[in-house]
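Visitor: I would like to learn how to read the features of a protein model. Please take me through them one at a time.

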Amino acid sequence: MRKSTVGARLYIEVLAVFTIFAVSFIIFQHAREREYKVGMINLKLQDYNIGLAEALPYIGEPTEETFADYVKSHKVQGIRVTIIRKDGSILYDSMYKDYMQMGNHLKRKEVKEALKHGSGYDINRVSSTLNHTYFYSATYFPEHKLIIRSALPYDNSLSKTLKADQHYMWFALAAMLILIYILYRFMSRLSDNINKLRIFASRADHNESLDTEDLVDFPGDELGEIAERIIKIYKRLQKTKEEQNILKRQLTQNIAHELKTPVASIQGYLETILENPHINEETKEQFLQRCYAQSQRLASLLQDISTLNRIEDASGLMDFEKVNISTMVGNIMKETALQMSERNMVFDNQLPEGIEVNGNQSLLYSVFRNLTDNAIAYAGEGTTVTLSVKDDTDCWHFTFKDNGVGVPHEHLPRLFERFYRVDKGRSRKMGGTGLGLAIVKNAVICHGGSISVRNNASGGLCFEFDIKKGKI
C-alpha cells in the first residue's frame with residue numbers, strides 16, 4: 001500500500017508540474033509570437049512613415065499634393081496615410097478629405113505615444129471617420145512638427161497574419177502524452193525499486209547478510225547507482241586512509257631527513273674536537289660556533305614542527321585575545337633591522353596605527369615574522385619589502401610583497417608545502433627549516449582567512465592574505 005501511494009503521489013505531482021509548465025509555455029509562446037508579428041507589421045509601417053518624411057521639403061509646410069504624390073508612387077494594398085500637425089489637426093488624409101469633421105487627433109493612442117516616445121501603434125481600433133477597423137502606426141518628426149500615421153485595414157488577411165501558429169500547441173500536447181507514458185513506466189520501476197530497497201534495509205536492520213552481491217538485484221537505474229556510489233564512497237574512504245598513512249610516513253621521513261642534517265653536522269664537529277685534543281683554540285672555537293649554529297637550526301626546526309602540530313591538532317583550544325598588528329610589525333622591524341641593513345634592504349611599512357584583530361599573539365607573530373625572514377633570505381640585496389592593508393568589512397586584507405628575484409612559476413603552487421624548497425642547498429645554507437610558509441598558511445587559516453602567492457609583474461613575490469577581525 002505504501003509503495004503504490006508513494007508512486008501515485010509522485011506521479012500526480014510531477015504530472016501536475018509539467019501540465020502547469022505546458023500551459024504556461026503555450027500562453028507565453030502565444031503572446032510572444034503575436035507580439036513579434038505585431039512588431040513586424042509596426043516596423044513595416046514605421047519604415048513607410050520614415051520614407052514619407054524623408055521625401056518632405058525641409059523649408060515650409062508641405063502641400064497636400066506632396067503627400068498625395070508619395071502615396072500614389074508608393075502604393076501599398078489598403079494603406080491609409082494621415083498627416084497630423086503637432087496640435088492634433090489634420091493636414092492630410094489619403095482616404096477622407098473633409099478634415100474639419102475628422103476632429104482633433106491628440107487623444108488617439110498611437111498619436112500620444114508618438115509625441116511621447118517618438119513612435120506608437122494601436123491594434124484593431126475602429127476609425128470614427130471611416131467606421132472601419134485599422135492597425136495604426138504613428139511616427140513623430142520634430143523637424144517638421146508633424147506626425148505621420150499609416151494604417152492597414154484590420155481585415156481577414158491581417159487577422160490571419162497576426163494569428164499565432166498552432167503547431168507548438170500540438171507539440172506541447174504530444175510531449176505531454178509522451179511524458180505521461182514515460183512517467184508511468186518510471187513510477188512502476190521506481191515502486192519496484194523502493195520495495196527492493198525496503199527489503200534491503202530490513203535485512204540490514206535485522207543484521208542479516210549484507211554482502212555487496214545483493215546489489216545485483218538492483219537494475220541500472222538511480223537506486224542502483226546510489227548503492228554503487230555508497231560502495232565507492234567506502235572504498236574512497238579506505239583509499240584516503242591509506243594515502244594519509246603514506247603522507248604521514250613521508251612526513252616522518254622528511255622530518256628525519258631534516259633532523260639528520262644538523263645532528264650529523266654537530267656530531268661530526270664534536271668528534272673532530274674529541275679525537276684531536278691538541279687542536280688549536282681558534283679552530284675549536286670555530287667548530288663550536290658551527291655546532292651552536294646547527295643546534296639553533298635544530299631548535300628552530302623542532303619549534304616549527306611543534307607549532308604546526310599545535311595549529312592542526314588543537315587550533316580550537318588556542319587562546320585568542322586582542323592583538324595590535326601595527327605594534328607587532330613595528331617590533332619585527334626593529335628585530336630584523338640589522339639583517340635588513342646588512343643586505344641594504346628597506347622595509348616599507350604602510351600599516352596605519354590601530355590595526356587590531358582578535359587572534360593568537362604567537363601565531364600572528366609567526367605569520368609576519370616568517371614572511372619577513374623569507375624576504376630577507378631570498379628577495380636579494382638592495383630590495384624593498386612592502387606591507388600594506390585594506391579594510392574589508394569583517395577582515396583585514398594584507399599585501400606583503402618585495403621587488404626581488406621572485407620564484408619560477410612552476411614552484412608557486414608548492415611554496416606552502418612542508419619542507420618544500422625552491423633551492424634546497426641555498427635554503428639550508430640560509431638556515432631555513434622549510435616550514436615557515438607552511439606555518440604562515442596554517443596560521444592564516446586558523447584565523448579564518450586564506451592566503452595566495454604570485455609573482456609581481458615588476459619582479460619579486462607578492463603574498464595576499466586575510467585575517468578576520470573577530471570580536472575585539
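Guide: Start with burial: a residue is buried under 20% relative accessible area, exposed over 50%, and partly exposed in between, using a 1.4 Å probe and protein chains only. Tyr-48 is buried, at a relative accessible area of 9%. This is a predicted model, where local features need pLDDT of at least 70, side-chain atom pairs count only at pLDDT 80 or more, and totals for chains, interfaces and linings use all residues. Residues are numbered from 1 along each chain as its sequence is written, and side-chain values use heavy atoms, with hydrogens and water left out.

Visitor: What percentage of the 472 residues of the chain count as buried?

Guide: The share is 36%. Ala-293 is partly exposed, with a relative accessible area of 39%.

Visitor: How many helices and strands are there in the chain?

Guide: The chain has 12 helices and 12 strands. Helices (H or I, at least four residues) and strands (E, at least two) are DSSP runs, numbered from the N terminus.

Visitor: How do I read an aromatic pair?

Guide: A pair of aromatic rings is described by the distance of the centres and the angle of the planes. Rings of Phe, Tyr and Trp (its six-membered ring) pair if their centres lie within 6.5 Å; planes under 30 degrees apart count as stacked, over 60 as edge-to-face and the rest as tilted. A search of the whole structure finds 9 such pairs. One of them joins Tyr-48 and Tyr-70, edge-to-face, with 5.8 Å centre to centre and 75 degrees between the planes.

Visitor: Why does the pair tie together parts that are 22 residues apart in sequence?

Guide: Tyr-48 lies in helix 1 (residues 2–54) and Tyr-70 in helix 2 (residues 64–73), so the pair links those two parts. Tyr-70 is also buried, with a relative accessible area of 11%. Phe-416 and Phe-463 make another edge-to-face pair, at 6.2 Å centre to centre and 75 degrees between the planes. Phe-416 is in the loop between strand 10 (395–402) and helix 11 (424–429), and Phe-463 is in strand 12 (residues 461–468), so this pair ties together parts 47 residues apart in sequence. Both Phe-416 and Phe-463 are buried.

Visitor: Which ring does the charged end of Lys-109 sit over?

Guide: A charge sits over a ring if NZ of Lys or CZ of Arg is within 6 Å of the ring centre and within 35 degrees of the ring normal. The charged end of Lys-109 sits over the ring of Tyr-121, 5.6 Å from its centre. Lys-469 lies over the face of Trp-396, at 4.5 Å from the ring centre.

Visitor: How do I read a contact list?

Guide: Contact means heavy atoms within 4.5 Å. Thr-386 is in strand 9 (residues 384–392) and is buried, with a relative accessible area of 13%. Leaving out residues up to four places away in sequence, Thr-386 touches Asp-348, Gln-350, Thr-399, Phe-400 and Lys-401.

Visitor: And how are two packed helices read?

Guide: They are described by the angle between their axes and the distance between the axes. Axes are lines fitted to C-alpha atoms, for helices over the stretch in contact, and angles run from 0 to 180 degrees between N-to-C directions. Helix 10 (residues 361–378) and helix 12 (residues 436–446) pack at about 145 degrees, with axes 9 Å apart.
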